[in-house]
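I opened this model to look up packing, contacts and domains. My entries follow in the order in which I made them.

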Amino acid sequence: MVAFIIRRLLQAVLVMMAVGFVAFSLFAYVGDPVAIMLGQDFTEEARMRLVRDLGLDQPFFVQYFNFLVKAAQGEFGISYRLARPVSDLLMERLPATLELSLCAALLALLVGVPMGVYTGLNRDSFLSRLMLTVSLVGVSLPTFLIGILLILVFSVLLGWLPSFGRGTTVALGWWTTGFLTPTGLRALILPSITLALFQLTLIMRLVRSEMLEVLRTDYIKFARARGLSNRAINFGHALKNTLVPVITITGLQLGGIIAFAIVTETVFQWPGMGFLFIQSVSAADVPVMAAYLILIAFFFVLINLVVDLLYYAVDPRLRVDRGAAGGH
Amino acid sequence: MDKLSNRPLLEVKNLRVEFPTRRGTLVAVDDISFSIQPGEVLGVVGESGAGKSLTGAAIIGLLEPPGRVAGGEILLDGQRIDNLPYEKMRRIRGKEIGAVFQDPLTSLNPLYTVGRQLTETILTHLDMSESEARARAIGLLQDVGIPAPERRIDHYPHQFSGGMRQRVVIALALCANPRLIVADEPTTALDVSIQAQIITLIKRLCREHGTAVMLVTHDMGVIAETADRVAVMYAGRIAEIGPVRDVIQRAKHPYTEGLMGSIPKLGNAPARLAQIDGAMPRLTAIPKGCAFNPRCTKRFTPCTQLRPDPIPVGATDVACWLYDQTKKAAAE
Amino acid sequence: MDAVRRFVDSDVFYSFRRSPIIIAAAIVTVLFFAGAVFAPLIAPQNPFDLRQLNLMDSSLPPAWLPDGLPQYPLGTDTQGRDVLSTILFGSRISLLVGVFSVVFAMILGISLGLLAGYVGGTVDAVIMRVADVQLSFPAILIALLIDGVARVVIPRELHHDIAIYVLILAIGFSGWVQYARTVRGSCMVEKSKEYVQAARVIGRHPIAIMLQHVLPNVLGPVLVIATIHLALAIITEATLSFLGVGVPPTEPSLGTLIRIGNNFLFSGEWWITVFPGLALVVMVLAVNLLGDWLRDALNPKLR
């Protein structure tokens, strides 16, 4: 158990270092930060001082190491575009993105998994075929288009729900939440649905195909031959075996939600990190891009770690050493 | 043993199993009849594709769609079971008819302990408390020869070796003390050394519990060792059925003769191993008349025209025109 | 002739003929490709030729609504461009980027897959590690990053000209992993077979022999991946263009059109956004349907 976690943690650190390297390369070699920060008029002396302050005169690996140390402390320098510390910018926008992603993830899971189970078990029913057809439309709808259509219907035509922003938020320490005010909650509805819909259809289709796969296995046939009730077979045996692949896929989907938050936030002008990132890409604001990359990678690594631990809880084959239990 | 009772435990009458495909209907099991007496071991032997596994699946009511029973009857204790609704048949499976599948590695759910799989089966069919079921499960594991069952019951399938897993599978089939077990190639996936142990185990358990067994296999050696009677299947039909001694030592159907010739015997070793020319026809191209006629060395006129029905010869029934006196006489 | 007869008799063609939805999807896909290729010939107007535009005709609704004009069946945008024509030209860009990024991903993926499967060892480990890490990041993020970096590295004037190529590379690069995995798997199976060993003896280069045997084996799966990938690539392109980091507005794809139209949603000119959006969804849906069907048809076990 401990060895397993340590191995996973080491892998996570390696991935983070690799991403850090990409981010650092961006930072150090893409564009000329000195020229950008100095603007039009500068003296040679000012330039030299800035180069020294930024540590740009030092060897590559020293710079990389310094970058990692600073990144670990949450320091990513100053935004070229907004001339403010990148960490402040991200921190301000983190709650908005996380609250949106959480709502979308819950929606996608709580609706997608049951629908997948239903269509897997009743593969030939009319409702299943309908859901499957609709889901293909769902997979074919780009996230931004879903957002636009929802805005068109619910904001422009019906005028029921707001089309942009977070509504009124309440500050809890440094965290600002939209969960506590009616306008904040109303503002969450359309973006959450937009963000969840694509993932929801994917999760449903994947759970369904895993379910079908498991229902074809010998142990399910054998369970039928033992005369177990359908309930016990479907929900006891099949569903539990479906869980293992579904957990992986869901983990990946959660990552997808964080990435597609960029699109949703742009459509709804949601003041989150994704919106900030897009603005930074358009303005070539490298420090923000690099920091966002590292932060996202951190979330991904975290999700993967949780997924691995969940595996461990579900699948006994990982828990017990085959040899130790004795053979023939 | 109760071989004198005149009503068979299981009767299969004119069973026909079909697979509809886009190129027409394939008849995988064609009009076969046999019966199993209480406590009897019936071996069913044949090449793969002969329809023997499908016959087993039809009996436990688990033919995989689109396969279906298209005709005939299956009776358990004189009651038809082939047309029962799913829920009624489910109560018979595991309780009256147990099943053992080919591959013990895939027959057990990897995510549950063997104890949980045993107790859930016991509780499904028998009116017991949890602790009684667990005690029975330990007893069953002991019965099938698993050492230290009190400890092993809480282990997961992957912690058992292949042979041990097949013992667990057999224990699962015995959970509710069924009167018939359909065992589909129970030893094929195992090492040769383990095969003998499993065969001995099945024989012993049947004797002790008075359980009848339908043993489906392609291995004539296993049949010779275990079965009381044997049915030889070819291209979806029964070629010959009779007491195991008669069929093995005095095979009547030319196909059975060829099949016997392919097992090397100790003692009077033949000069060469007899071999049957050609291969079993595919279901899409079963020849007219006797399905075996293109490969048969004793073929004569009626074989290519009419399909032979089983003809009693001594204790055996043989589906071969050689034993029809009028046809034979007409030909000579 | 024989090949044709065998195809018509095959299970794949049989399941094709049996499903009206799939036939419809195939027709729609073909129509979109034809429309894209022949856009300059069949479009009522060249929306990028300023001389053909009439500002007096700007913001007209579709022809069946009051104020609509019959020569603009789907209405016009605020510049007086015919929406139907912009859709035809937009699909052209969308499909161009989609198809070429799929081709790029395919070539990259198959090469790396062959390399990993054939050489094995460290090379295999490195390639598959990179694949694992990349797979845990959504394709859109990778494409966005590559595009963002290119934007910084390449001078602005030049970037404008090569934006489409950058986009193709970015989307293509984000999708190679699945091809590589499939090819690697098949390659490892083939490698252990005797004919590859035998090839060394008779002096043929084993890689040549393997190409000859591996490629036919992976043709089916690769075709399925490519079809589904095409749908995804079109969506990714549209999304990037919608975010304003894709193709330049002078050569708008469907995504760009939707982005431009989105600004006029609140003033009631919904047709500027909705029709390009509809075209995008129908196109992607048709390709997805084909991919879905192809996967099932080539994999009878799943039916």
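I call a residue buried if 20 or more other C-beta atoms lie within 10 Å of its own, exposed if 12 or fewer, and partly exposed in between, with C-beta atoms placed from the backbone. Helices (H or I, at least four residues) and strands (E, at least two) are DSSP runs, numbered from the N terminus.

The model is predicted: local features need pLDDT of at least 70, side-chain atom pairs count only at pLDDT 80 or more, and totals for chains, interfaces and linings use all residues. Residues are numbered from 1 along each chain as its sequence is written, while chains are lettered from A and ligands numbered from 1 in the order in which they are written.

**Entry: helix α11 of chain A.** I looked up burial in α11(A), residues 273-282, and found 8 of the 10 residues buried, so this helix is largely enclosed by the rest of the structure. The buried residues are A:Met273, A:Gly274, A:Phe275, A:Leu276, A:Phe277, A:Ile278, A:Ser280 and A:Val281. What covers them includes α5, α10 and α12 (286-314) of chain A, together with α7 of chain C. Contact here is two residues with C-beta atoms, placed from the backbone, within 7 Å. Just after α11(A), I noted a positive phi of about 55° at A:Ala284.

**Entry: α5 against α10 in chain A.** I then took two of the covering helices. The axes of α5(A) (residues 86-121) and α10(A) (residues 230-267) come within 9 Å and cross at roughly 145°. Axes are lines fitted to C-alpha atoms, for helices over the stretch in contact, and angles run from 0 to 180 degrees between N-to-C directions. On the α5(A) side the contact includes A:Leu100, A:Ala104 and A:Ala108, and on the α10(A) side it includes A:Gln253, A:Leu254 and A:Ile257. By class I have 12 nonpolar, 6 polar and no charged residues. Ala, Val, Leu, Ile, Met, Phe, Trp, Tyr, Cys and Pro count as nonpolar, Asp, Glu, Lys and Arg as charged, and the others, Gly among them, as polar.

**Entry: chain A overall.** I list 13 helices and 2 strands in chain A. Its C-alpha trace spans about 85 × 65 × 35 Å along the principal axes. Of its 328 residues, 42% are buried.

**Entry: domains of chain A.** The assignment, automatic or from a database, gives domain 1 (2-72) and domain 2 (86-319). Their centres, taken over C-alpha atoms, are 33 Å apart. Domain 1 puts 15 residues into the contact and domain 2 puts in 13. On the domain 1 side, helix α1 (residues 2-29) of chain A gives the most, with 11 residues. That side divides into 12 nonpolar, 2 polar and 1 charged.

**Entry: chain A with chain C.** I find 35 residues of chain C and 34 residues of chain A in this contact. On the chain C side, the elements giving two or more residues are α7 (139-153), α11 (206-242), α12 (254-262) and α13 (271-298). That side has 25 nonpolar, 8 polar and 2 charged residues.

**Entry: sheet of chain B.** I traced 4 strands forming an open antiparallel sheet in the order β2-β1-β4-β5. Strands pair if DSSP finds at least two bridges between them. The edge strands are β2 (24-36) and β5 (79-80) of chain B. Strand β1(B) (residues 10-21) pairs with β2(B) over 9 bridges, and B:Leu15 stands opposite B:Ile32.
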